Amino acid sequence: VQLQASGGGLVQAGGSLRLSCVASGSIFRINDMGWYRQAPGKQRELVAVITSGGNIDYADSVKGRFTISGDNTKNTVILQMNSLKPEDTAVYYCKARIATSRFDASVNYWGKGTQVTVSS
């Protein structure tokens, strides 16, 4: 299983970026997909997650600014980030909880991070 993330970059405060992540490989079931971020000197933290049933959770710091959406048919998750702030600067990681067969428990898979930099 591989997670391919894209869409990071440099943007001014108040701007927008869109991150996307596609899961590929031997996938039987995706339980949830989401985004985490890690700023320099800080622990990795949840940004947003969406379950296969459509339940969504956001970090308080991004509520009202970020929107997560998923496409189960394409094994894709999108994070639309609006009204970006300098404190959103971090490496963003895609994570998916995936079962590779009906007999296996779901495990977490991580994509390579993508840098998001918001200038003031």
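Analyst: A disulfide is counted when two cysteine sulfur atoms lie within 2.5 Å. Keep in mind that this is a predicted model.

User: What makes the link of C21 and C94 a disulfide?

Analyst: The S to S distance for C21 and C94 is 2.1 Å. The cut-off is 2.5 Å, so the pair meets the rule. By this rule the count comes to one disulfide.

User: What kind of bond is a disulfide?

Analyst: A covalent bond between the sulfur atoms of two cysteines.

User: Why is this pair said to link distant parts of the chain?

Analyst: C21 is in strand β3 and C94 is in strand β9, 73 residues apart. As for handedness, the angle about the S-S bond is -85 degrees, and the link of C21 and C94 is left-handed.

User: How do you know whether C21 and C94 are buried or exposed?

Analyst: Buried means under 20% relative accessible area. C21 has 0%, so C21 is buried. C94 also stands at 0% relative accessibility, and therefore counts as buried.

User: Why is N75 called partly exposed?

Analyst: The label covers values between the buried limit of 20% and the exposed limit of 50%. N75 has a relative accessible area of 22%, so N75 falls in between. N75 lies in the loop between β7 and β8.

User: What is noted about the phi angles of N75 and S83?

Analyst: N75 has a positive phi of about 50 degrees although N75 is not a glycine. S83 likewise has a positive phi of about 50 degrees, and is not a glycine either.

User: Which residues of the largest nonpolar core touch the most other members?

Analyst: This core has 30 residues, and W35, L79, M81 and Y92 touch the most other members. Strands that each supply at least two residues include β1 (2-6), β3 (17-24), β4 (29-38) and β9 (90-99). The most comes from β9, with five residues.

User: What counts as a contact of L79, and which residues qualify?

Analyst: Contact means heavy atoms within 4.5 Å. Leaving aside neighbours within four places in sequence, L79 is in contact with residues including L17, L19, W35, V47, F66, I68 and Y92. Two of these, W35 and Y92, are also named among the core residues that touch the most other members.

How values were computed
Residues numbered from 1 in each chain as written. Predicted model: local features only at pLDDT ≥ 70, side-chain atom pairs only at ≥ 80, totals over all residues. Heavy atoms only, no water. Core = buried A, V, L, I, M, F, W, Y, C linked by side-chain atoms within 4.5 Å. Buried < 20%, exposed > 50% of the residue type's maximum accessible area, 1.4 Å probe, protein only. Helix = DSSP H or I, 4+ residues; strand = E, 2+ residues; numbered from the N terminus.
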